[in-house]
Structure formats: C-alpha cells, structure tokens
Amino acid sequence: MTTRKTPTAAEPAADPAARATRPEPIRMGPVRRAGARRNGPDFEGGAGERDEGPLNAISEDIAQAVRVGYDVFSENLKRGREAANAFSQGEYSLGQVPHDAGEALKELVRLLQQTAESTFDILYRLAELAAKPKPPPPGPSPVPPFRPGAGDAAARNGPAPHTLAVTVRFKPPAVGRALTTSLARPQAPTSPAEIKASPLLKREGAAPPLAELSFDFDIASGGLTATVAVPEDQPPGIYSGTVWAATQDTPLGVLAIELGQ
Amino acid sequence: MNAMAAIAGVEAASTADISERLATHGQAASAEVARYLKGGAPFLDDLLTDYPSRGGKMLRPAICMANARVFGGDERAGVGCAAAIEILHNGLLIHDDIQDGSEVRRGRPTLHRLHGVALAINAGDALMFSALRPLIDALRPLGSGVAKQVIEATMTMARETAEGQALELGWRDRNVLELTQADYFRMALKKTAWMGMIWPSQLGLIVGSQGRADPKSVMRFGYFLGIAFQIEDDVRNLCDDPGYGKERNGDLYEAKRTLMLIHARAACGGADRQRLDAFLGLSREARSRDEVAWLCDLMVEKGSIEHGRAVGAAMAGAAMHEFSLAYAGLPPSEDLSFLAGLAPWVVSRP
C-alpha cells in the first residue's frame with residue numbers, strides 16, 4: 001500500500017514526488033490498553049460537545065463505522081423496495097396531491113412506462129428484422145404442407161422451449177418456498193452435476209449466505225430439482241444467487257427463495 | 001499476473017495490473033466516447049469533448065466492462081454501456097463544478113470558467129442526453145427484456161444520484177451542522193457509490209449475463225467500494241497535492257461535509273466548536289486561507305484525518321467481503337482479479 005503525508009495547511013507547496021507518502025504509523029500493533037482512544041468523538045449522536053471524552057479503543061470506532069455502513073445500506077434498500085411496491089401498485093404516493101393533478105401525473109407515468117417498453121420492443125423487432133436474411137426471391141410460394149395440421153406437428157417436434165422448470169427442495173423441508181420456477185435451458189448438453197449456483201445472499205440485511213446447494217434431474221417435470229440446505233438459525237427473508245452451467249459462459253438465471261419465520 | 005492477495009480464492013490484481021486493466025478498458029471506452037461525440041457544432045462540440053479529452057481514471061467504464069466479461073459477455077457487450085457511463089459522468093461533472101464553484105478540473109480550469117456558465121450548463125445537458133445513444137445501440141441486439149432491466153437500473157441511479165447531490169448541496173447551502181457518520185454514508189451512497197460503482201457494475205452484469213444474473217447481487221460490493229473511494233478522495237483533498245487535478249483544501253473552502261469535518265466537529269467543543277461553526281456559516285469567498293489552515297490543523301489534532309483513513313480502509317475491507325459473496329464461483333479471469341483488487345486499490349492508488 002502506498003502511503004501519504006499527513007496534511008497540514010501550513011506546510012509548503014506540493015512536491016509531486018512526495019505526494020504518495022504517508023508518515024510512519026504512530027503504532028505498529030493494535031491498541032490493547034483497555035479504553036484507549038485518540039480523540040474519538042461520539043458522532044453518531046452528533047450534538048454533544050466534548051473535548052476529552054471517555055477513552056475507548058479506536059477499533060471500536062471503526063467497527064461501529066462498518067455497522068453503521070451496513071445499517072445505512074439496508075435502510076436505503078428498504079426505502080427503495082417500499083417505493084417500488086407503491087410504484088408497481090400505481091399509488092405513486094399521490095395521496096396528498098389534488099385529484100386532477102394526481103390523475104394527470106399517473107397517466108403521464110403510465111404513458112412513459114408504455115413508451116419506454118414500446119420503444120425497446122420496436123427496437124428489438126427492428127434488430128430481429130435486420131438480422132434476418134434477404135427477402136425470398138420472386139416466384140411461386142413454397143408448397144404448403146400436404147396434410148392440414150402437419151405444420152403444427154412439425155412445430156411441436158421442433159426445438160425445445162428455451163426454459164427449464166425448477167423445483168426447489170429444502171433441507172429441512174418446509175422452511176421456505178421457491179420464488180424461481182424456471183431457468184434458461186443450457187445451450188449444450190449439460191448434466192445436473194455441471195450446474196452450480198453462487199451462494200444465495202439475503203436481499204436485505206446481513207445474514208450468512210446459503211452456500212450448500214445441489215441440482216438434480218427431475219424426471220416428473222423434465223426439469224431440475226434444486227436442493228437448498230438451510231441452517232437452523234438462518235434469518236427469514238428473500239435469498240438469491242446466480243445459476244451457472246459449466247458448459248457455457250452466460251448464466252442460466254437467478255435462483256430466489258423465501259425463508260419463513 | 002502479479003497478484004497481491006487472494007479474496008475468497010480469487011487472486012486480487014496488483015496495483016500495476018489494475019492500472020493496466022484501467023488503461024485497456026479505458027482506451028476502448030474512450031474510443032467509443034470519441035466516436036459518439038464527434039461533430040462540429042459551434043459553441044457545443046468542442047465543449048463536449050473537453051472533459052473526456054482531459055483523461056481520468058476511467059474507473060467507471062472499466063468496472064462496467066469487467067463485469068460484462070465476468071458475467072459471460074465479451075467486450076462488445078459492455079463497451080457501449082461503458083461509453084454511456086463515461087459520457088453521463090462527464091456531463092454531471094460539468095454541472096457539479098458549477099454547483100460547487102470549482103475552479104480546477106483534472107488540472108485545468110473548469111468548463112464554466114473557460115466558456116461561461118450558460119454554455120457550460122448547455123454542454124452538460126447535451127452530454128447527459130448524448131449518453132442515451134451508445135446505451136440504446138448497445139442494448140438493441142440484446143432484446144427488450146435486457147433493455148428494461150438497464151432502464152430500471154438507470155432510473156434508480158439517476159434518482160439516487162440527484163438525492164445525494166441535493167443532500168450535499170443542501171447541507172452546505174442551509175449550513176446544516178448536526179450531521180452524523182450515518183448521514184455521511186447515506187450521502188456518499190447516493191452521490192458517489194450509486195453512479196460510480198453500483199450502476200456500472202449492474203449494467204455490466206445485465207448485458208454480460210443477457211439479463212440472467214441478479215443486478216442486486218453486486219449492490220453491496222459497489223456501495224462499500226464507493227464509500228471507501230469517496231473517503232479516500234476527501235482525505236486526498238486535504239493533502240499537499242490532491243492528485244486528481246483539484247485544488248488543495250478545496251473541500252474546506254467549499255465547507256463540504258466530509259467524514260473528517262463531521263468527526264472534527266464532534267470531537268471539539270467550546271471555543272473551537274464556536275469558531276468552526278462560524279467558519280461554516282461564511283460564504284466561500286469569505287473563508288480565509290488562515291481559517292482554512294486552522295481547520296486543517298484542528299482535523300489533524302483531533303485525529304479526524306487518521307479516523308477518515310481508518311474508516312476508508314474498513315469500508316474497503318467490507319467491499320472485499322462483499323466481493324467474495326457476490327462473485328463467488330465465477331471462473332478465474334483477469335477481469336475477476338481486477339474487480340477483486342479494486343477495494344484495496346481505492347485506498348492505496350497512486
């Protein structure tokens with residue numbers, strides 16, 4: 001790690017070569033003296049004045065900073081989720097807005113949503129068209145299938161659907177439910193042992209990840225069974241992770257589950 | 001690869017390797033930026049290309065492109081998004097400089113000092129809208145499902161960034177004094193981490209995985225990386241040479257509510273507290289060099305700068321932990337090592 005000089009305003013002008021230097025550390029090991037603290041203010045409360053507060057280990061300040069960091073992030077996620085819920089239900093927090101203005105704004109939001117969706121749908125169609133070969137040459141049209149319905153049969157026997165059903169089992173059973181019902185079908189022949197998932201992380205708040213997962217072939221549905229081991233004291237909530245096949249670079253999708261109380 | 005450490009089995013790239021990766025991805029994104037900003041409109045196009053041509057770390061585009069690659073896509077999948085990110089970032093920088101009254105950007109006078117506020121605002125607006133072009137071009141082959149995910153992530157980022165900027169400006173303009181460490185983290189999450197780290201990671205993940213990976217999975221990594229980055233930037237601003245083309249102690253002249261300022265204010269009392277509050281209540285022009293020097297000394301005396309460095313390092317540690325969860329199980333690659341090495345790099349970068 002490069003180090004840097006401790007700044008003071010009274011120091012002379014910058015020497016670019018000296019910029020990336022830090023002073024020798026004041027100490028080389030942890031402060032073990034109980035209650036030792038260097039100017040550590042209680043600035044979670046913010047309001048209190050103090051010149052010489054009680055001495056605590058500086059590492060406590062840092063641990064507290066990390067805790068506060070996680071709390072702030074969780075709080076922000078929670079607010080975002082609440083806003084998204086309101087948005088998806090068409091509430092938009094317009095309870096206090098006059099009716100006409102509220103309706104007009106709702107209509108605008110709907111319009112913008114539809115416009116964005118339509119624009120990209122159109123772009124997608126254009127891209128598909130651009131990727132297609134040239135139009136067929138002039139001349140007679142291709143002969144239709146001899147028997148009515150033969151084309152449908154051909155379609156039925158054609159390429160398999162692009163998705164793969166997924167059933168989630170829990171160990172122990174009945175501790176949660178699956179939020180994912182399908183994944184993308186691998187592009188090459190793949191055995192269940194070649195399918196892996198990243199540890200399932202809790203969406204909000206801190207919790208140990210669920211790392212013990214396995215996949216198996218489900219004869220009944222023709223899809224996959226994912227088995228997730230859930231430790232006894234695992235906090236409830238939504239957990240998710242990315243599913244990969246060893247036979248390809250792009251993931252098959254996200255496996256999401258919800259653990260109950 | 002000259003690796004410096006392993007994070008959950010992934011070799012973290014060394015500083016030299018990270019610099020190389022930043023240069024490689026940065027060149028690709030810069031070429032794309034230049035292609036999209038090419039033009040000859042008077043009073044506009046020269047301004048659009050000014051900030052991008054001054055160079056920069058290209059951290060945001062590199063994060064996007066690396067994520068696109070580790071989640072299965074090739075460079076093409078991420079470079080359009082990376083260009084969009086860089087163009088938008090430069091547009092926001094122009095507006096930031098005006099709002100902050102900054103005089104220097106990347107070692108040269110800010111755009112509004114060179115061309116006036118009106119033309120600079122116009123250039124910032126144009127850059128932000130211009131960012132849509134490479135984004136749409138990048139998304140077109142990936143389909144509407146992927147595009148919708150990118151739009152959602154982008155709308156969230158835009159809202160969070162505006163909220164973060166509003167917090168910082170509001171605290172300064174309304175002279176808000178009673179701030180806590182949590183307030184600072186909240187502001188830095190919105191103002192810095194979302195646009196600088198979370199959004200680029202998410203865009204890369206979405207286009208790389210073709211919409212099949214969960215964009216939320218990289219949020220915590222981006223958040224802690226962004227907080228560590230912001231604290232380090234704030235500490236450097238107090239150094240002899242901030243190292244990124246900004247004026248020394250500019251944050252003190254602007255009375256920016258940095259972690260160190262919040263810490264110093266909480267640590268002092270009596271006459272020092274009164275003097276500090278009086279300083280914060282002044283206009284930028286009225287803050288004298290002597291008072292800035294006194295405040296800088298106060299921060300050293302109260303251990304605020306040391307505290308800032310320690311918290312920055314702790315946030316980098318949290319980012320390393322979150323990296324090990326978010327990127328677990330991905331096949332090893334130079335881009336994965338690059339992402340693994342970013343957390344230690346942000347607090348020790350040259």
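**Notes on the predicted complex**

1. Chain B of this predicted model has a mean pLDDT of 92, with 96% of its residues at 70 or more; pLDDT is the predictor's confidence in each residue, from 0 to 100. For the complex, the predictor gives an ipTM of 0.83 and a pTM of 0.72.

2. On conventions: residues are numbered from 1 along each chain as its sequence is written, and chains are lettered from A. As this is a predicted model, local features need pLDDT of at least 70 and side-chain atom pairs count only at pLDDT 80 or more, while totals for chains, interfaces and linings use all residues.

3. α3(B) is largely enclosed by the rest of the structure, because 12 of its 12 residues are buried (20 or more other C-beta atoms within 10 Å of the residue's own, placed from the backbone). Among them are R60(B), N67(B) and R69(B). Just after α3(B), G72(B) takes a positive phi of about 110 degrees.

4. Over in chain A, strand β1 (163–171) runs antiparallel to β3 (182–184), joined by three bridges (pairing takes at least two DSSP bridges). A165(A) has S182(A) as its bridge partner there. With β7(A) (223–229), β1(A) pairs in the parallel sense over six bridges, and F170(A) partners V228(A).

How values were computed: Helix = DSSP H or I, 4+ residues; strand = E, 2+ residues; numbered from the N terminus.
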